[in-house]
Amino acid sequence: MLSFNTDDLRPQDRFDYWCEVRARNLFGVTISLNPHERQNFRGRFTAVPAGGAMISEMQASSYWVSRTAADVARAPGDSLCIYQQLGGASWFNSKGGGEFVVAANDIAISHTDLPYLTRPATAHGFDLRVLKIPFTGREDLVRAARGLSPALLSDNPRLKTVISASLAALAADCARNPDNDFDLAVDHLAQLALLAQGRVRHGSPESRAALRSGFLHAARDVLARNMHRPNLTPAAVAAELGISPRKLHLLFEPTGMSCARTLTAMRAAEALRLLRNAPMQPVAEIAQASGFDSSATFYRVFRNVYGVTPGDARTAAVLD
């Protein structure tokens with residue numbers, strides 16, 4: 001993993017370092033900032049390999065970014081880029097895509113080797129996640145994505161949901177298990193992005209596989225965000241995703257755990273985390289905070305999952 005933070009540098013050196021390392025060398029862009037603003041510049045950047053691709057996250061003060069024809073000639077990327085705004089908003093301008101604003105949680109997609117100009121649209125600065133997928137070895141991707149000007153994801157809330165959930169899952173998985181093979185997950189994300197922009201067919205085997213993977217990530221995301229609700233049901237999850245309960249069941253079938261069992265496992269894991277990290281919190285409160293409808297249900301499920309009572313698990317954590 002590549003990681004750097006300007007806090008480790010003298011204030012007068014931070015922006016120049018950012019220009020050379022992050023902008024020019026890593027992303028092949030030109031950046032600029034008024035001299036009187038450079039003293040207050042701060043930035044943090046991480047990049048993790050994801051198969052043959054790279055997923056990165058960046059938080060930084062505002063500045064102008066341009067990818068000019070000279071930048072493209074000097075540092076061609078020849079990749080599909082999926083850009084997600086995590087916070088704030090950014091203004092974009094490109095010859096083929098025109099002007100648009102990427103708001104918080106929005107997604108933009110482009111071929112890396114087309115000129116553009118961008119800058120944060122709010123005082124929040126840059127706060128983004130980027131997946132860069134090289135065309136090398138992906139001939140279908142080359143045909144579909146080359147020449148794709150920077151543009152917002154098409155107005156398709158379901159595809160936005162599955163791409164967002166898939167990006168978050170890939171970032172988390174790469175951070176936890178950097179040695180794993182993520183090529184299939186990256187291929188699915190490329191397919192979803194091009195599907196959203198009308199560059200590939202909806203009914204192809206590749207599109208169907210990518211949608212199944214994306215909806216599974218989205219379903220798990222819904223479970224994780226709502227597991228504290230005791231009345232959360234598979235039907236409610238399916239409704240939020242805009243799919244049928246049967247389709248939701250089919251998404252989880254290959255995992256060997258149903259949607260309901262996955263939810264129970266998430267709640268038990270959250271309870272274990274709280275037992276370890278909040279030693280003074282009453283067990284009944286932990287059960288409620290984890291989404292269990294009663295203490296009796298909580299004790300039964302917890303013992304089935306971990307083979308010990310919540311009290312024993314807490315004692316073991318204290319003794320570790």
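The model is predicted, so local features need pLDDT of at least 70 and side-chain atom pairs count only at pLDDT 80 or more, while totals for chains, interfaces and linings use all residues. Residues are numbered from 1 along each chain as its sequence is written, and side-chain values use heavy atoms, leaving out hydrogens and water.

Let's start with the open sheet, whose five strands follow the order S2-S5-S10-S7-S8 with antiparallel pairing. Strands here are DSSP runs (E, at least two residues), as are helices (H or I, at least four), numbered from the N terminus; two strands pair if DSSP finds at least two bridges between them. Strands S2 (30-32) and S8 (98-102) stand at the edges with a single partner strand each, so one side of each has no neighbour in the sheet.

Now look at S7 (residues 90-94), which is joined to S8 by five antiparallel bridges. Three residues lie between S7 and S8 in their hairpin, and Ser 94 has Gly 98 as its bridge partner in S8.

Along S7, Ser 90, Phe 92 and Ser 94 point to one face and are buried (under 20% relative accessible area, 1.4 Å probe, protein chains only).

Elsewhere, Tyr 306 belongs to helix H11 (residues 295-306).

Conventions. Buried means under 20% relative accessible area, exposed over 50%, partly exposed in between (1.4 Å probe, protein chains only).
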